[in-house]
Structure formats: C-alpha cells, structure tokens
Amino acid sequence: MGIRRRRDNEPSGHGDPTKLTPQRTKCLKMHVKKSCEENEVPHEEVMTFIDSGDIFYMLVDLKITLIKLCQGNKARRMQKLKDALESKDFENGLNNRLFACMLSPNLTAYVTDTQSHIMDFIVKNRDIFKIPPELLDDVELRAQLGKAVTKLLTNIRSAIKTVLTTSIVKRTSVADVTRSLARSGSGMEVDSTHWNRIALLQRLLRIFLIGVSDYKTASIKDLFSPYLIPSLKQDLRDKVTRELNIDMEQLERDLFDADFDNAPRTDVNPSQVPTGTEVNGSHAPSAGRDQNDPDITYQQLVDQSGVQQDDSDTNGEDNELNMSSSANGAVLLNDPLDSGFGLVEGMPIWYNTTMKFWNFVDHSLSMMHKMATESSPIITKQEKELQKLFIEIFQADLAKFPGSKKVSKLISKTNPRWQTTIQSGLIW
C-alpha cells in the first residue's frame, strides 16, 4: 500500500527531478531562445548546456565555467597591477617616498640590510607608498616591487653622492644642499636634524674621496679642509701632508688655538671638532656659496656636476672590520693608524673603489652609535651624545659655508604625517 511501482514501458528518468524530460527540455529551450534574444547573447552554447539532460552534469559545467571566469579575472587584475607597477607615475611616486627614506636623519644604514628593512616598512605602511594590497599578496609582484626598490635606492644613493660632491666643489652650504635635495627629490620638509646628517655625509665623502684618491670632480684642494683634521687618522694625515705639502701640526695649532706639540696625533674625539667661533678663517676656504647661483636646485647640482653615477654596490653586504671600544673619531676603525684605504703597508684594504662609499658611511655610523652607547647606560643620554657628534660636525661646516639665507628661515615648522612616520619608524 502507498508504493507506486514503475511500469516497464515508462522512461527511466520519469519522475526524477535531476533528469530533464523531453517536455522540460523543450520548455527550457524556448525560454533560452527568448532570454538570449532579449539579452543579445548567442544561444548555441546554452542549448548545448541544456542537452546534457542531467542537472548534476549541468552544475559541474557551471562550476568549471565559474573557475575559468575567476582565473580570467585574476589574470586581468594581475596584469593591471603589473602595468601599474611598471608605470612611470608609480615609479615617480615610489621614488619620492624612497628619497625621503634615504634623507631621514634617523636612518640606521644606507646599504647594509637597508633594502630588506625598507621593504618590511613598505609592507607595514603601504598607504604611505600608495601600494595596492593585492600587489603585496602576490609573490611574483612583490618580488618585482623589491627589484624596483633596489634599483631606485641605488639611483638615489648615487644622486645624493653626486650632489654632495658638487656641493664640495661649489662650496654650497649644507643647509642649502639639504633644502634642494629634499624639495626637488621628495617634497619633504627639513629641519636641523637633516642638516646634521647631510653635514656628516659630506665630511665622510671628503675623507673617502681623499682616501681612494678620486679627484676626477673634486681635487684634493677642494676636498681637504682644516676642520677635517680631527677625523683624519695617521695614514690620511700623512697622505694629505704629502700631496698638499702642508704642515698638518701647524694647521692644528692655528685651528684650535692650542699647543698640540705634546698631544696625541690620532684618535681625536669628535667633540674637539671646531664650532663656528673656532674656525680660523685664514686657513679655511672662503665661506659662502656660489653667489651667482643663489637658489640652486637639486637637478641643477646633478646636471652641473658631470659626475658619473657609479654606485652599483646594491647589496650592501660589505665585510665590516672588527670594532674596538677604544675606537674614536668620526671615522672609526679599530686601528688609529689605518683608515682602511690600503695606505698602510700590510694592512687589509676595505675601501678601494668609489662604489664602497656607502659601506664606509654605514661603518662610521655604526661606530658613532657605539661611542654614544658606551658614553652612558642611560638611553636619553646616549641619544644626546649622538646628537652632539652630529651637531658639532654641522657647526664646523656652517661656520665655513653659512649659505645665502639665515638658518632660522630654512627650518620647517611642521612635517607631513607621512614624513614623520618614515623618520620615526624606519629605524632598526
């Protein structure tokens, strides 16, 4: 009772909701033809879809179609992201932000692990760099972004070095150079902490170019200045004395107005760097900048320099010398007689080409941090000691090259939020 038995002559799909009967198929095809005409869609593929006659087959067909659609959409999205990544607008925007990173007064290093730390910073602050989230989620696109960052950082380092070299020859003030770099390269604002860092870079560049005898753009007369003496180790002192035929000890006496006859000639503390009131004008090159070019821009400095951008040392994995707690001075290695330029017989050569400049900078920064750390167990005092080293170097430069404007007029009162994030967050 209640059980209906199928007759032998009934079709096998009769009553099965998953099967399409001929009558249902006919009705569906009529509906398909009408709907396809209304939507201007070819009806042949839909008719074939209905002819499968089984809903489960039709569902499988739908799933496959959806997968193909999703794959096509993803491919188009990835191509759109790739096109955006390779566009000039994206490159310019990324370059501006990376320029701000390299001009940050708190940057820990310029080549040593710098790219990986900046990439981590970009991932955490993608809005600052205007990076779409999908780009960071794709392994291939993220790798492409990393290559772009590496290339831009190399170009930025080379540009900064070129501008610093040109500023040495033109005797441009650090404040003016910093302002031109910042506004032409990244649109950021500058304050005294930026000047302090640029002053250090310029001093280290002077020492480095003397050490590797690179006088293509700046002669040794352009590079050497008495205010460098506290930072020169014995090998560089001897080199400068020999090449310029000068009396280094006499310059020291004139510079510091003190008797150095019985004082050690090496490992001079940077705190002895002359301040603005201590520079002896009779031995310093004439102060001031090029008066015929009162508002020189970053691009003009690069264009006029004629310096070939040759900083191809992108890995930043230069071998570092062992650091000693007794090391001292703005250029800090563990041997007070050797600066690492191969000037001392039997000593290893650490900096033998111009491509090693930024490794030289990184090592000097590392040792300055070491000095500050060893000055006090209190972090705030360590920070003050480090800033003291930077300030004294800048004061010596400011006394020689005061620039065309008052320092107070060049100070930025407020920084953009993105710039503050970079300067406070890009530290390792």
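K130 is exposed in this predicted model. Its relative accessible area is 60%, and the cut-off for exposed is over 50%. K130 sits in the loop between α6 (126-129) and α7 (133-137). The backbone of K130 has a positive phi of about 55°, although K130 is not a glycine. Most residues other than glycine have a negative phi. R171 likewise has a positive phi, near 60°, and is not a glycine. This residue is found in the loop between α8 (139-170) and α9 (174-185). R171 has a relative accessible area of 26% and is therefore partly exposed.

The fold contains 18 helices and 0 strands. The protein has 428 residues, of which 44% are buried. Contacts between residues at least 6 apart in sequence were examined for their span; 75% of them join residues at least 24 apart. The protein exposes about 22700 Å², and carbon and sulfur atoms supply 51% of that area.

In soluble globular proteins, nonpolar side chains tend to be buried together. Here, the largest nonpolar core comprises 82 residues. L98, I118, F129, L145 and V149 have the most contacts inside this core. Helix α10 (residues 192-211) contributes the largest share, 11 residues. A further core, of 6 residues, lies apart from the largest one. Its members include L20, M47, I50 and M58.

Within the largest core, L145 is one of the residues with the most contacts. Residues up to four places away in sequence were left out of its list of neighbours. On that basis, L145 touches L85, F90, L94, M119, I131, L135 and L136.

L62 belongs to helix α3 (residues 55-85). L62 counts as partly exposed because its relative accessibility is 43%, which falls between the limits of 20% and 50%.

E252 lies in helix α13 (residues 248-256). E252 counts as buried because its relative accessibility is 4%, and the cut-off for buried is under 20%. The side chain of E252 makes a polar contact with the side chain of R237, at 2.8 Å.

Note on methods
Residues numbered from 1 in each chain as written. Predicted model: local features only at pLDDT ≥ 70, side-chain atom pairs only at ≥ 80, totals over all residues. Heavy atoms only, no water. Core = buried A, V, L, I, M, F, W, Y, C linked by side-chain atoms within 4.5 Å. Buried < 20%, exposed > 50% of the residue type's maximum accessible area, 1.4 Å probe, protein only. Helix = DSSP H or I, 4+ residues; strand = E, 2+ residues; numbered from the N terminus. Contact = heavy atoms within 4.5 Å. Polar contact = N/O pair within 3.5 Å; in protein donor to acceptor, adjacent residues only side chain to side chain. Areas by Shrake-Rupley, 256 points an atom, 1.4 Å probe, with all protein chains shown as cover.
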